[in-house]
Amino acid sequence: MRIFPPALLAAVALPALALAQPAPPPPPVAVPPEVAKLRDAALADDYAWDITEGLTTEVGQRQAGTPAEARARDWAVRRLAAMGFSNVRVQPFTMPVWTRGYEAAEILAPFPQKMAVAALGNSASTGIDGITGEIVGFDSVDALRAAPDEAVRGKIVFIDHKMTPTQDGSGYGQFGAPRRQGPTIASQKGAIGIVVRSIGTDHHRNPHTGTQSFANGATPIPAGALSVPDAEQMVRILKRGQPVRMHLTLVSRTLADQPSGNVIAEVPGRDPSLAPVLVGGHLDSWDLATGAIDDASGVAIAAAAAKRIMDAGQPLRTIRIVWFGAEEPGLFGGAAYQKALGAQPHWAMLESDFGADRIWRVTSKLGPERRTEARTIAAALAPLGIVAGSFEEAEGSDIGPMLAAGQPGVGLSQDGTRYFDYHHTPDDTLDKVDPVQLRQNVAAWTATVAVLAGPLTPWKAAPRPGKRRK
């Protein structure tokens with residue numbers, strides 16, 4: 001072994017240590033005082049509550065493509081105009097519509113009992129007489145996929161899973177597979193129907209609906225979701241080892257080319273040539289409840305932030321409020337916006353569609369040249385208890401395809417720990433919205449949009465209409 005003198009070792013080690021030191025952190029950014037003032041004032045603001053309460057009370061359920069969604073669009077146009085926004089309009093499109101009818105599930109043998117069930121979107125109809133078949137159970141979509149066709153043919157498939165609550169809702173992608181993919185696979189293997197454990201984290205006897213589409217040429221079959229307690233009961237019954245027979249009734253129908261639309265409004269910027277900031281959520285809901293967390297609170301948060309900024313002055317860039325239609329059955333509103341306006345440059349896109357509990361993280365996808373802007377947003381949100389996440393990603397269902405196509409965006413992540421207790425169930429009602437947490441959302445959105453839209457100046461025209469409601 002070669003021995004080096006201590007002095008030489010030190011001389012060699014010092015440059016190596018210098019090379020190993022991490023890069024110094026970037027210098028702190030200053031939060032514009034007007035942004036901080038707007039943020040703090042929003043913590044005492046009830047614009048978002050007023051909108052959420054009004055939409056869920058005066059319209060109620062808003063299934064896409066139905067007369068109920070049309071009433072919601074009319075309501076939205078009136079409300080946004082009354083708040084003082086400009087260029088309020090409907091961007092129409094058409095879409096196929098699926099509607100539910102009577103639904104029931106009953107175990108006939110070996111232990112007769114009724115179960116709580118809801119049809120999944122695009123389920124085929126059993127007809128009013130229903131279907132009867134033997135249950136074949138699987139603990140995952142992969143297990144169903146691996147099963148021989150003869151084990152499934154002529155039977156009703158049941159798929160279980162073990163979804164648990166998470167703050168970021170990341171389990172929804174993985175555990176949503178029984179709903180999204182299960183019906184197609186079951187049909188391709190010759191099943192006469194399928195029921196899945198609801199994609200939810202609650203233990204109420206409220207089944208969770210949600211959309212699914214039959215892919216790869218699969219023939220539509222009746223497809224439903226059992227409430228979580230009933231799905232767990234099904235597992236226990238199957239473990240007894242005796243043949244299980246179910247009578248399933250899911251009456252539904254599909255209508256083609258029904259009207260829907262996005263509702264759009266704006267806060268005009270001082271420089272119309274600059275790319276706008278898009279803020280939005282989706283106006284439609286499932287038919288089982290009034291859609292308070294999914295997504296009346298989302299459209300309310302976006303509009304409330306824009307309203308606060310508009311009341312304080314005119315921003316440099318236009319703020320465009322988009323209440324997307326027909327998100328639930330397949331992002332039809334987002335696709336319509338993308339086709340009409342999505343190729344135009346946007347300064348940023350933001351969408352609120354994960355309830356109304358506290359925002360805990362901000363992410364952004366603004367590009368390296370706008371890193372200071374992204375860091376300013378993070379600094380403005382830190383007093384609200386919001387941590388900075390990735391500078392390489394944003395989020396949103398309707399805006400997702402446009403973000404993937406290169407549009408810049410910001411993601412404001414709500415706490416989703418209890419979101420899937422109520423998601424797509426009859427329990428999605430106004431009482432699930434916490435006014436205090438809702439205000440924190442509005443404060444975060446107001447600060448973020450104020451940074452993105454640019455500094456405010458007094459309005460040169462007559463005072464804006466739409467005074468603050470008490």
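This is a short chat about a predicted protein model.

Reader: Before we start, how are residues numbered, and what does a predicted model need for local features?

Author: Residues are numbered from 1 along each chain as its sequence is written, and side-chain values use heavy atoms, with hydrogens and water left out. Since this is a predicted model, local features need pLDDT of at least 70 and side-chain atom pairs count only at pLDDT 80 or more, while totals for chains, interfaces and linings use all residues.

Reader: OK, what's the mean pLDDT?

Author: The mean is 94, and 93% of the residues reach 70 or more. pLDDT is the predictor's confidence in each residue, from 0 to 100.

Reader: And where is pLDDT below 50?

Author: Residues 1-18 are below 50, and this stretch has one contact in the model beyond near neighbours in sequence. A contact means heavy atoms within 4.5 Å. Residues 465-470 also stay under 50, with 15 contacts beyond four places in sequence.

Reader: Switching to the overall picture, how many helices and strands are there?

Author: There are 15 helices and 14 strands. The C-alpha atoms fill a box of roughly 85 × 75 × 35 Å along the principal axes.

Reader: What share of the residues is buried?

Author: Buried residues make up 55% of the 470. Buried means under 20% relative accessible area, with exposed over 50% and partly exposed in between, using a 1.4 Å probe and protein chains only.

Reader: Now the helices: at what angle do H3 and H10 pack?

Author: H3 (residues 47-58) and H10 (residues 292-312) pack at about 140°, with axes 8 Å apart. Axes are lines fitted to C-alpha atoms, for helices over the stretch in contact, and angles run from 0 to 180 degrees between N-to-C directions. The two helices are therefore oblique to each other. For the cut-offs, under 35 degrees is roughly parallel, over 145 roughly antiparallel, 65 to 115 roughly perpendicular, and the rest oblique.

Reader: Which residues of H3 meet H10?

Author: Tyr47, Ala48, Ile51, Thr52, Leu55 and Thr56 do, and their partners in H10 include Ala292, Val299 and Asp311.

Reader: What about H2 and H10, how far apart are their axes?

Author: The axes of H2 (residues 33-42) and H10 are 11 Å apart, at an angle of about 125°. H2 and H10 are therefore oblique to each other. Leu38, Ala41 and Ala42 in H2 meet Arg308, Ile309 and Ala312 in H10.

Reader: Let's pick single residues. Is Leu226 buried or exposed?

Author: Leu226 is buried, with a relative accessible area of 0%. Leu226 lies in strand E7 (residues 223-226). Leaving aside neighbours within four places in sequence, its contacts include Ala105, Met115, Phe158, Arg197 and Met234. Leu226 and Ile159 are 67 residues apart in sequence and 9.9 Å apart in space, C-alpha to C-alpha.

Reader: And where does Val157 sit?

Author: Val157 is in strand E5 (residues 156-159). At 0% relative accessibility, Val157 counts as buried. Not counting residues up to four places away in sequence, Val157 touches, among others, Val136, Phe138, Leu144 and Ile194.

Methods
Helix = DSSP H or I, 4+ residues; strand = E, 2+ residues; numbered from the N terminus.
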